[in-house]
Amino acid sequence: MEDLRPGEEGVLAIALFYMGELCYKGIVVPKDNELAEKHWLRGAMIKKDPVTGLHYYGSVECQTALGMFYSNPEFLDMKKAFKWHKRAQESGSVISEGALGVMYLYGLGTEENLQLAYHYLTNAASYGNTYAKGYLAAYYYKRQMYDRTVATGRELAAVQDCKPLAKAEGCPVEHVKRGVSMGCFYLALCSQYGYAMIQDKALAQKLIKKAIELSPDVAYDLHAKAILGIA
């Protein structure tokens, strides 16, 4: 990196991000998680401070990739995930901003902080992040803010195709499906019990079905919590 000319850091960082993606997904090259991690770490710290000469975090894509990488159950390290999502958020990543909101909401990799959770989730949602909107629906429902739950849930339930949204937001389609699934589930609860909307049990069943189709793991987990009264 010492031989890079001004402006070349960005080009190398982009290359390192895509090299990491190819290794992680096993596209063109054999799947190699360790090498993917190395590429992303290098890209995330590629810039050099002109005064101190020290390298510091640079590529926002690599930073977000690392946040997701360390959130994966196979490589789980929530403190590292929080560290990289925080740096990516500071670099302007809406995806990582939504992730930070969730981490503060549940105390993952950091201390639980509902004020910060709400701040990051609402900000990410304002930029169209579907993942953040799903967790906002959960946030609103748990605090009996049913009018907001219904409004957010209806917006998410109206989504018909998650792939274009994922492409537009620059995030995995699974994240979009998770957000929409959560919105459908919490809207279903409001419909089932008549919270801030006319009670409609048939609609609730349709919404639950859609939630399960989009993200079975999320829907079944939320359903189990609803039965226990902790959804």
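## Largest pocket

The largest pocket of this predicted model has a lining of 46 residues. Met68, Ser71, Tyr131, Pro172 and His175 lie nearest its centre. The space inside the largest pocket comes to about 1400 Å³.

H1 (8–25), H3, H4 (78–90), H5 (94–106), H7, H10 (173–193) and H12 (216–228) each supply at least two lining residues. H3 gives the largest share, with 7 residues.

## Largest cavity

How many cavities of 30 Å³ or more does a search of the whole structure find? The search finds 1. The largest cavity holds about 30 Å³ of space.

The lining of the largest cavity consists of Ile95, Ala99, Asn129, Tyr131, Cys171 and His175.

## Asn129

Asn129 is one of the residues that line the largest cavity. It sits in the loop between helix H6 (114–126) and helix H7 (130–142). Is Asn129 buried or exposed? Its relative accessibility is 4%, under the 20% limit, so Asn129 counts as buried.

The side chain of Asn129 has a polar atom 2.8 Å from the backbone nitrogen of Ala132. Beyond its neighbours within four places in sequence, Asn129 is in contact with Val94, Ile95, Ala124 and Glu169. Of these contacts, Ile95 is also a lining residue of the largest cavity.

## Ser59

Ser59 belongs to the loop between strand S2 (55–56) and helix H3 (60–69). Its relative accessible area is 5%, under the 20% limit, so Ser59 is buried. Setting aside neighbours within four places in sequence, Ser59 is in contact with Ala13, Gly43 and Ala44.

## Helix H11

H11 covers residues 201–214. At 1.5 Å a residue, its 14 residues should span 20 Å.

Which residues of H11 are buried? They are Ala204, Leu207, Lys210, Ala211 and Leu214. These residues cover an arc of only 125° around the axis, so they share the same side of H11. An α-helix has 3.6 residues a turn, so residues three or four places apart point the same way. The other side of H11 carries the exposed residues Gln205, Lys206, Lys209 and Glu213.

Asp200 caps the N-terminal end of H11. One of the side-chain oxygens of Asp200 lies 3.2 Å from the backbone nitrogen of Ala202.

Note on methods: Residues numbered from 1 in each chain as written. Predicted model: local features only at pLDDT ≥ 70, side-chain atom pairs only at ≥ 80, totals over all residues. Heavy atoms only, no water. Helix = DSSP H or I, 4+ residues; strand = E, 2+ residues; numbered from the N terminus. Buried < 20%, exposed > 50% of the residue type's maximum accessible area, 1.4 Å probe, protein only. Contact = heavy atoms within 4.5 Å. Expected span 1.5 Å × (residues − 1). Arc of directions from axis to C-beta. Polar contact = N/O pair within 3.5 Å; in protein donor to acceptor, adjacent residues only side chain to side chain. 1 Å grid on protein atoms, 1.4 Å probe; cavity = no way out; pocket = protein on both sides within 12 Å on 5 of 7 lines; lining within 4 Å. Points joined across faces, edges and corners; volume = space filled by probe spheres on them.
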